[in-house]
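User: Please take me through this structure in a series of questions and answers.

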Amino acid sequence: MIEVRGLTKRYGEKIAVNGLTFGIEPGKVTGFLGPNGAGKTTTMRCILGLDYPNEGTVTIDGKAYQDAAYPMREVGALLEAKAVHGGRSAYNHLLCLAQTNSLPKRRVGEVLELVGLTEVAKKRSKGFSLGMSQRLGIAATMLGDPKVLMFDEPVNGLDPEGIVWIRNLMKALAAEGRTVFVSSHLMSEMENTADHLIVIGRGKLIADCTMQEFVAGASGASVRVRTPSTDQLVRVVSAKGATASIDDDGAIEVRGMTTEEIGDLAFGEGIRLHELTTIRASLEEAFMELTADSVEYHADAPGHQATTTIGSGV
Ligand SMILES: Nc1ncnc2c1ncn2[C@@H]1O[C@H](COP(=O)(O)OP(=O)(O)OP(=O)(O)O)[C@@H](O)[C@H]1O
């Protein structure tokens, strides 16, 4: 369990993290989201004692990281994949870490196997692709078989197969009862991986909730309806207090009623339906909406497309 209480970190005039309080529980993957410059890396650095907060406390299983007798046995962290001595082989890099942290030599072979780098174990890591470096970094986090794992943008540079691999790895680690805390810019990836979310913007907490709650907190679901009796359906749902708009392709988007309510109403009115689909915001849309006021650097860009279909047609 990671506990962050009232964490504030300033760099000169800049407040990178501003009174953050949250807890990361074991047994689940917790995603850490926020626009660029929100303070994610700073928070992770403070958790690991790499930066000292101006205010607040951070504990991992009840104690500060600096006070851990064998830090790598308690926390595995990947913050910067390329932070490896490039002249060393993957094997020697891990062996060096194992020896300086009183970890058994056999763990080196085990973690190389785990991340799929056994075949290149004797190659110098400076020739590694970013994806291979990520795998090496992940191998290092697992050396001490720690209960708590933190990854800053772990899928950076990984190919699709690597992304699926790390998704499954994180889920498996959480299923073993470990605490898994992971930041990522890839919303679709987070949507598939995280059970819980911590969302920050400009150093402040925006959300601490389950993935479902976060997405439901965005502007909410609507229902897409197709019918040969468009005008009639719009009339009857509007009479029930729902709002209805007609899309360019002739489908009706209804807000304020469920698929069941619309289906029953249409049945009662003798209106044939060709489609009745719940439309839910994706994590990306929910994120854009809820962090819109916290984005530090805005660019002039075309608006993003509205909805993702989750439900099924009738
Ligand atoms: N060493 C530093 N000196 C001065 N300012 C810093 C330093 N480190 C971070 N900052 C500033 O603090 C804020 C938070 O940065 P941080 O890297 O923690 O954000 P982040 O959420 O990890 O961003 P990104 O997603 O872009 O990596 C930013 O405005 C950043 O410019």
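**Questions on the fold and the ligand shell**

User: Is the crossing of helix 9 and helix 10 left-handed or right-handed?

Analyst: The model is predicted: local features require a pLDDT of at least 70 and side-chain atom pairs a pLDDT of 80 or more, while totals for chains, interfaces and linings use all residues. Residues are numbered from 1 along each chain as its sequence is written. A crossing is left-handed if the near helix is turned anticlockwise from the far one by less than a right angle, and right-handed if clockwise. By this definition, the crossing of helix 9 and helix 10 is right-handed.

User: At what angle do helix 9 and helix 10 pack?

Analyst: Helices (H or I, at least four residues) and strands (E, at least two) are DSSP runs numbered from the N terminus. Axes are lines fitted to C-alpha atoms, for helices over the stretch in contact, with angles from 0 to 180 degrees between N-to-C directions. The axes of helix 9 (residues 230-239) and helix 10 (residues 259-269) are 11 Å apart, and the packing angle is about 120°.

User: How many nonpolar residues are there in the contact of helix 9 with helix 10?

Analyst: Two residues are in contact if their C-beta atoms, placed from the backbone, lie within 7 Å. On that basis, Q232, L233, V236 and V237 of helix 9 meet I262, L265, A266 and E269 of helix 10. Ala, Val, Leu, Ile, Met, Phe, Trp, Tyr, Cys and Pro count as nonpolar, Asp, Glu, Lys and Arg as charged, and the others, Gly among them, as polar. The contact has 1 polar and 1 charged residue, and the number of nonpolar residues is 6.

User: Which element gives the most to the shell around the ligand?

Analyst: The shell consists of Y11, K14, A16, G34, N36, G37, A38, G39, K40, T41 and T42. Two or more of these come from each of strand 2 (14-24) and helix 1 (40-47). With 3 residues, the most is given by helix 1.

User: How many residues of the shell around the ligand are polar?

Analyst: The shell contains 3 nonpolar and 2 charged residues. The number of polar residues is 6.

User: Which residue of strand 4 is the bridge partner of T8?

Analyst: Strand 1 (residues 2-11) pairs with strand 4 in the antiparallel sense over 5 bridges. The partner of T8 in strand 4 is E55.

User: How many residues of strand 7 are buried?

Analyst: A residue is buried if 20 or more other C-beta atoms lie within 10 Å of its own, exposed if 12 or fewer, and partly exposed in between, with C-beta atoms placed from the backbone. In strand 7 (residues 179-183), T179, F181 and S183 are buried on one side, as are V180 and V182 on the other. The number of buried residues is 5 of 5.

User: Which residue stands opposite F181 in strand 7?

Analyst: Strand 7 pairs in the parallel sense with strand 3 (residues 29-33) over 4 bridges, where G31 stands opposite V182. Strand 6 also pairs with strand 7 in the parallel sense, over 5 bridges. Opposite F181 stands M150.

User: Why does I198 count as buried?

Analyst: I198 lies in strand 8 (residues 196-201). Leaving aside neighbours within four places in sequence, I198 is in contact with F22, T30, F32 and D208. I198 counts as buried because its C-beta neighbours inside 10 Å number 24.

User: What is the phi of D61?

Analyst: Most residues other than glycine have a negative phi. D61 is in the loop between strand 4 (55-60) and helix 2 (71-74), and is partly exposed, with 15 C-beta neighbours inside 10 Å. The phi of D61 is positive, near 45°.

Definitions and conventions: A residue is near a molecule or strand if its C-beta atom, placed from the backbone, lies within 6 Å of it. Two strands pair if DSSP finds at least two bridges between them.
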